Amino acid sequence: MTEFAHKFSEQAGINSLMDDLGKALAGDEPMIMMGGGNPGHLASVQERLREELLAIANDPAAFQRLVGQYDAPQGEATFIRALVDLLNATYDWGLTPENIALTNGSQAAFFMLFNLFAGPLQAGGKKQILLPLAPEYLGYADAGLGPDTFRSVKPVIEDLGDHTFKYRVDFEKLELDEQVGAICVSRPTNPTGNVLTDEEVKKLHKLAGEWNIPLILDGAYGSPFPELIYTEVTPFWDEQVVLCLSLSKLGLPAVRTGIVIAKAEIIRALSGANAIINLATGSFGPQLVEPLVKSGEILSLSREEVRPWYQAKMHKARAVLKEALAEDCPWYVHQPEGAMFLWLWFPDLPISSYELYLRLKARGVLVVSGHYFFPGMEDEGDWPHRHECLRVTYSQDDEQVAAGIRIIAEEVKQAFANA
Ligand code: PLP
């Protein structure tokens with residue numbers, strides 16, 4: 001077996017998660033789906049996109065462009081131009097079309113970026129991706145072709161009172177060296193809903209500058225769209241930064257459109273990798289959303305429809321959690337500052353989070369065990385925290401989410417009671 005075949009036949013975390021979701025959806029048993037990162041179905045956004053799709057279907061030239069043409073490996077040129085204009089008008093970033101490439105979902109962009117910046121070197125030695133704040137997105141975990149692609153750093157855990165905590169980057173432990181090829185963080189963070197402060201981003205940016213390596217900022221849930229951010233932060237880009245965006249969490253996970261904003265040299269390398277792997281990026285997402293980018297409506301939809309919708313769901317889910325767990329056992333939730341997850345921490349949980357996940361699945365509630373979200377921390381010994389957390393998605397129906405949270409609370413309390 002080749003190393004490549006071996007790697008992709010292994011049961012990677014992301015693979016087992018997507019498999020689990022697929023099987024649960026296809027099964028006969030009703031399941032409360034609080035496991036995946038599927039966005040909710042927001043009627044106003046879907047209706048707006050349906051209008052655009054009908055307009056394309058009714059226009060033979062637009063339809064021909066939609067289905068009948070390969071785009072260049074960098075991506076659909078008119079959409080890229082519209083993005084450049086929108087981002088420059090909004091943030092004054094001074095972008096040109098050479099600064100943007102499109103990929104088939106941002107997951108594909110991460111695969112290419114991680115292997116551009118990490119792995120064995122021609123001259124001997126290797127480079128790694130530094131994840132400055134664990135826990136971090138499980139989809140990164142197996143995206144490196146070489147061994148030990150990631151190293152990550154334990155966070156500082158700040159108790160904010162009222163069963164709430166926040167992870168902060170531990171800059172005292174964050175050590176860079178020649179082996180670090182890039183720094184990468186998701187902001188907002190999947191799985192925790194954390195949003196790195198501007199100060200943290202500034203410090204990471206400074207470190208990236210000192211070592212002359214890229215700072216990859218994963219904005220899949222971030223600014224300027226879908227803007228699932230509930231705190232005040234400033235969007236940030238310059239040539240040191242590789243900003244990855246996506247249309248998925250706006251409500252288009254099925255069209256698979258990722259957007260990478262970086263200096264021209266990185267965009268050229270990424271376009272080259274994209275040509276080899278995909279030939280071209282799909283045009284569907286870019287063409288469907290182009291009018292909304294040209295008019296700026298993508299920003300108002302994100303700020304006025306998408307963000308408040310998720311924020312209201314977050315508040316509801318959090319209130320149910322508080323009522324269901326009360327003072328009955330040790331529990332914390334990460335301050336939910338963005339994305340679509342509650343990250344629960346049960347200090348001294350008598351069973352592993354994986355066992356808890358299995359018990360919940362048996363009761364018809366699908367969540368994700370927190371232990372998956374510590375890529376690059378294999379050498380950290382047995383930090384119990386890694387096995388005491390759960391990720392709970394609140395993007396689906398509020399009643400279902402509330403029912404799921406009540407079952408989670410019952411199971412956790414029972415685990416503590418039986419210890
Ligand atoms: N980054 C983060 C933090 C995510 O949570 C996800 C998906 O859940 C992705 C990237 C990849 O999303 P997509 O490939 O749909 O753009």
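Reply: Domain bounds here come from an automatic or database domain assignment. On that basis, the chain of this predicted model splits into domain 1, covering 3-44 + 301-417, and domain 2, covering 69-298. Between the C-alpha centres of domain 1 and domain 2 there are 23 Å.

Contact between the two involves 39 residues of domain 1 and 44 residues of domain 2. On the side of domain 1 that touches domain 2, at least two residues each come from α2 (13-26), α10 (297-325), β12 (332-334) and β13 (341-345). Of these, α10 gives the most to that side, with 7 residues. By residue class, the side of domain 1 that touches domain 2 holds 24 nonpolar, 10 polar and 5 charged residues.

The shell around the ligand has its own make-up: 3 nonpolar, 10 polar and 1 charged. It counts 14 residues, and those that come nearest to the ligand are Gly105, Ser106, Gln107, Ser246 and Ser248.

One further position can be described in detail. Thr149 sits in the loop between β4 (126-131) and β5 (150-152). Thr149 counts as buried because it has 23 C-beta neighbours inside 10 Å, where 20 or more are needed. Leaving aside residues up to four places away in sequence, Thr149 touches Phe114, Ala118, Gln128, Ile129 and Gly144. For one of these, Gln128, the C-alpha atom is 5.0 Å from that of Thr149, although 21 residues separate the two along the chain.

Terms used:
Residues numbered from 1 in each chain as written. Predicted model: local features only at pLDDT ≥ 70, side-chain atom pairs only at ≥ 80, totals over all residues. Near = placed C-beta within 6 Å. Nonpolar A, V, L, I, M, F, W, Y, C, P; charged D, E, K, R; others polar. Contact = placed C-beta atoms within 7 Å. Helix = DSSP H or I, 4+ residues; strand = E, 2+ residues; numbered from the N terminus. Buried ≥ 20, exposed ≤ 12 C-beta atoms within 10 Å, placed from the backbone.
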